[in-house]
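Visitor: I have a sequence and a model on my screen. Please take me through them one question at a time.

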Amino acid sequence: MKKFLGYFLTPIATGVFLLILIIFQPIQWVCLRFFGYSAHKRSVDILNLFLLRSVYVLGNTVTFINKQNLPVGRPIIFLANHQGLLDIPPLIWYLRKYHAKFISKIELTKGIPSISFNLKHGGGANIDRKDGRQSISEIVKLAQRMKENKWSAVIFPEGTRSTDGTVKTFQVGGIATILKKCPEALLVPIAIKDSWKMIQYGQYPLNTFTPMIWEVLSPIEPAGRPMEDLVLEAENAIRAALN
């Protein structure tokens with residue numbers, strides 16, 4: 001029944017999603033051009049609030065749980081499992097006070113209303129996966145901005161999305177690069193549950209009436225510990241939260 005309803009509701013939800021992206025493209029441009037970073041960031045925050053609410057057209061729900069007393073004014077590396085494109089809007093909106101930036105594929109900086117503009121000008125890292133030196137250089141620049149501005153970053157250490165919700169082995173590379181340049185950063189795992197179910201049939205039909213949960217878990221102090229141990233602790237915490 002949920003899949004059946006998706007055939008009717010998906011075109012509406014997709015239309016709403018695209019309309020939001022189109023509307024916020026000029027809004028972002030005006031905010032950045034005339035009012036600077038803070039106004040642009042605010043427009044991006046509101047954009048992502050609208051994007052995450054667009055799933056309500058499908059009867060889906062987003063629940064974000066954060067019971068942690070995380071510091072403001074200290075760089076944070078948020079580590080999350082990755083299940084779908086919808087993972088990102090709730091992270092941007094609910095972590096907005098931490099100025100969370102993303103590491104994205106450079107291909108996404110072209111051709112997508114609002115999203116491409118933000119990736120170009122929002123302060124994240126846009127990497128070319130075919131060029132290792134460029135990728136490292138971009139991540140180092142992000143780490144430097146985190147250190148200087150007390151920004152945070154969101155990393156999906158699996159390296160790719162999970163199509164069935166199974167957590168893949170976390171990779172150390174990007175996290176190690178950031179911590180080397182920004183050693184004061186705090187590691188915070190985030191468990192994303194069931195967002196994959198919205199696209200379990202692909203882009204059409206999208207699944208309906210699916211509750212999805214984002215949960216911020218206990219922070220991890222690096223304190224000079226081996227990088228592999230830190231990342232494994234975050235991975236295991238996320239696995240435990242999803243079971």
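**Salt bridges, surface and fold**

Visitor: Is Glu235 buried or exposed?
Guide: This is a predicted model, where local features need pLDDT of at least 70, side-chain atom pairs count only at pLDDT 80 or more, and totals for chains, interfaces and linings use all residues. Residues are numbered from 1 along each chain as its sequence is written, and side-chain values use heavy atoms, with hydrogens and water left out. Buried means under 20% relative accessible area, exposed over 50% and partly exposed in between (1.4 Å probe, protein chains only). The relative accessible area of Glu235 is 7%, so the residue is buried.

Visitor: Which residue forms a salt bridge with Glu235?
Guide: Side chains of opposite charge can pair when their charged atoms come close. The rule for a salt bridge is a side-chain nitrogen of Lys or Arg within 4 Å of a carboxyl oxygen of Asp or Glu. With the closest N and O atoms 2.8 Å apart, the partner is Arg239.

Visitor: In which helix do Lys141 and Glu138 lie?
Guide: Their side chains meet in a salt bridge, at 3.9 Å from N to O. Glu138 is buried at 16% relative accessible area, whereas Lys141 is partly exposed at 43%. Helices (H or I, at least four residues) and strands (E, at least two) are DSSP runs, numbered from the N terminus. Three residues apart, about one turn of the helix, Lys141 and Glu138 both lie in residues 132-149, helix α5.

Visitor: How many residues apart are Arg74 and Glu221?
Guide: The side chains of Arg74 and Glu221 meet in a salt bridge, with N to O at 2.9 Å. This pair links distant parts of the chain: Arg74 is in the loop between β1 (61-66) and β2 (76-80), and Glu221 is in the loop between β7 and α7 (227-242). Arg74 is partly exposed at 23% relative accessible area, and so is Glu221 at 44%.

Visitor: What does the salt-bridge count come to?
Guide: Among the pairs are Glu235 with Arg239 and Arg74 with Glu221. By the rule above, the count comes to seven.

Visitor: The backbone oxygen of which residue lies 2.8 Å from the side chain of Asn126?
Guide: Asn126 is in strand β4 (residues 125-127) and is buried, with a relative accessible area of 12%. Contact means heavy atoms within 4.5 Å, and, leaving aside residues up to four places away in sequence, Asn126 touches residues including Ser104, Thr109, Gln134 and Glu138. A polar contact is a pair of N or O atoms within 3.5 Å; within protein, one must be able to donate a hydrogen and the other to accept it, and residues adjacent in sequence count only if both atoms are side-chain atoms. The backbone oxygen that lies 2.8 Å from a polar atom of the Asn126 side chain belongs to Leu119.

Visitor: What is the phi of Phe209?
Guide: Phe209 lies in the loop between β6 and β7, and at 48% relative accessibility counts as partly exposed. Pro205 is also placed in that loop, between β6 (186-193) and β7 (211-216), and the peptide bond from Tyr204 to Pro205 is cis, with omega near -5°. Phe209 is not a glycine, yet its phi is positive, near 50°.

Visitor: How much accessible area do Met1, Phe4, Tyr7, Phe8 and Tyr204 have together?
Guide: Patches are made of residues with over 30% relative accessible area and no salt bridge, joining like charges within 9 Å and nonpolar side chains (Val, Leu, Ile, Met, Phe, Trp, Tyr) within 5 Å. Met1, in the segment before α1 (2-35), is exposed at 72%. Accessible areas come from the Shrake-Rupley method with a 1.4 Å probe, and for residues only the protein chains shown count as cover. Together the five form a nonpolar surface patch of about 610 Å².

Visitor: What is the radius of gyration of the protein chain?
Guide: The chain has seven helices and seven strands, and 46% of its 243 residues are buried. The radius of gyration is taken over C-alpha atoms, and the globule rule is 2.2 Å times the number of residues to the power 0.38. That rule gives 18 Å for 243 residues, and the chain is as compact as a globular protein of that length because its own value is close to this, at 18 Å.
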